Amino acid sequence: MDVAAPPIGQARWPVVRRMARDPGVIGGMILLVVIVGAVLAAPLVTGFDPYRSSILLRLKPMLYRGHLLGTDELGRDMLARLLYGGRITLLVGFAPVLVASAIGGTLGLIAGYFGGGVNMAIMRVMDVFYAFPSVLLAVALSGALGGGVQNAVVALALVFIAPICRVAESATTEVRHLDFVAAARASGAGHGAILRVHVIGHMIGPVVVYASGLCSLSIVLAAGLSFLGLGVRPPEPDWGLMLSALRQAVYVAPVNAALPGVAIFLTSLAFNLVSDGLRDAMAVRS
Amino acid sequence: MLRAAGLRLLAVIPIVLGVTMICFVLMFVAPGDPIQTLLPDNASPEVIALLRHHYGLDRPLPVQYLVWLGHLLQGDLGTSIGTGRPVAGELGAAIGNTAIIAIGAAIIGFSIGIGCGLLAGVHRGGWIDRIASAFALCGLSVPQYWLGIVLVILFSVTLNWLPAMGMGPRGLSWHWQELRNLVMPIATLSLIPAGIVTRITRDRVAELLRQDFVRTLRAQGLAGHAILRHVLKNAAPPILAVMGLQLGYLFGGSILVETVFNWPGVGFLMSNAILRRDQPMLQGTILVLALGFVFLNLLVDLLQSGIDPRMRRG
């Protein structure tokens, strides 16, 4: 993408300015704010209890007696379960990206900056993790660890460490050989100062862009693990778990059965829109 | 050329060893003692110790790993706890079933992706580009397991055109009655590769069309389709690399889609193994899928260096 030089006087926050002009980013941001806002403010949006079931109200259609989105297979309010469940789904989707960025980013920084044997040791281990397709590794790890929310977060974080480490390593290696780093070292700066002042600033951009792109995948995978019975456990609400439980109801209440997936899809779409815009605005090549 | 290929082959060995190590270790982080699940609760400590010795579980971990690796080299993946049959045999049948839908989805997804990406790249900025890019974005964002359910709701529940799940009682043959079972799993799996290939093709083609050599070709009076041939040849290596990765993801990621459609493939074996805590089966499926992915990547690398001479160095 061509990026025109910003006019004089508008040089501050160029990335934010470019993103604010991107219709995709605006759309994605609105979607994200609505979803996250509604999920956080769940008690204000709906008065129903997400755990309260009723045999008489099973699988009712939308707008049935105040149940805006109908009810699930145990007669619980769908909207309430989607909103409260979104808290867990978003957390399990988002936390691994944060953890993996911190660990993978640091490892990549160390590998890229010190090079040589340190680089070899770190990157060869990462290569092995890279040898697994992401879905397979996530399922394998959380399957072996025994499921549950904590293990799902650990499994997803382990999946994302290797790719983030690679991005951080290549960005760091690129900067390390530039003249200004050599100049800083010649003028007596220590490793800590060089990393803090010169290297991290160059490496953080690509890492943030890459990590933002992982958010969408992470949400889909987190809900997917619950869908397979490896993540959140019933009766706790979660989008993937709801989708799996309502699969039995596709013949009776198809709309209800598809709803939790709509939530996953919209969240994933919103993250992708924002992340694409961020990548374009920062002009980082994928 | 041969030298570079040989070096690349050598580089795979440590990765393969690493993959086997991870698969081996995975079974030890699993909660619960495998011996306890084999014996009744009131088994005496002597019996437990005896059985532990019988399975070699009292030896140090590195020794156990080497023994396991030795069996692996002879094609012995152990015995499934769930069915009592050898894991290798069960996997053999399942891999064929996964390959049918994965390769089918690859062919369809890649064709759609290259077609849409070319159109979008040539008409960059136009309405065709917008539609193709929106399609690609949706393809990237959609959770496959949900797409499968939506297709079931549309084509099985509402229209009653296609069977909702399974492979059919008599397995597959070239009759429409049986092939109908393939339509929805393949359609579901093909959307992500279609989206990703659309993106990379579009970006590469649009970028190449703006380069100087294209302008020169155009100035020389070359026709549009002839220019496109030059562009395609230059765009091929990265697109090929992405397609290779995607094919690997189709095999490795089929677990979610196979669960939705009850398709008797590797993913289905894997989710059953997880449910039954059938560790040897889980280990075997992970190992085979991961090794397949490693060799697929190797193949793509070699193919790429065959096309692009610049990649032969290093």
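**Salt bridges in close-up**

**View 1. One helical turn in helix 8 of chain B.** Glu207(B) and Arg204(B) lie about one helical turn from each other, because they are three residues apart in helix 8 of chain B. Let's look at how the two side chains meet in this predicted model. Glu207(B) and Arg204(B) form a salt bridge, with 3.6 Å between the closest N and O atoms.

**View 2. A network in chain A.** Here you can look for Arg124(A), Asp127(A) and Arg166(A), which are joined into one network by salt bridges that share partners.

**View 3. A link between two helices of chain B.** Find Arg202(B) and Asp129(B), whose side chains meet in a salt bridge with an N to O distance of 2.7 Å. Where in the chain do these two residues sit? Arg202(B) belongs to helix 8 (residues 176–209) of chain B and Asp129(B) to helix 6 (residues 127–141) of chain B, so the pair, 73 residues apart, links distant parts of the chain. Both Arg202(B) and Asp129(B) are buried.

**View 4. Arg85(B) meets Glu90(B).** In this salt bridge, the closest N and O atoms of Arg85(B) and Glu90(B) are 2.8 Å apart. Glu90(B) has a relative accessible area of 15%, which means that this residue counts as buried, the cut-off being under 20%.

**The whole count.** How many salt bridges are there over all chains? The count comes to 10, including the ones shown in these views.

Definitions and conventions:
Residues are numbered from 1 along each chain as its sequence is written. Chains are lettered from A and ligands numbered from 1 in the order in which they are written. This is a predicted model: local features need pLDDT of at least 70, side-chain atom pairs count only at pLDDT 80 or more; totals for chains, interfaces and linings use all residues. Side-chain values use heavy atoms; hydrogens and water are left out. A salt bridge is a side-chain nitrogen of Lys or Arg within 4 Å of a carboxyl oxygen of Asp or Glu. Buried means under 20% relative accessible area, exposed over 50%, partly exposed in between (1.4 Å probe, protein chains only). Helices (H or I, at least four residues) and strands (E, at least two) are DSSP runs, numbered from the N terminus.
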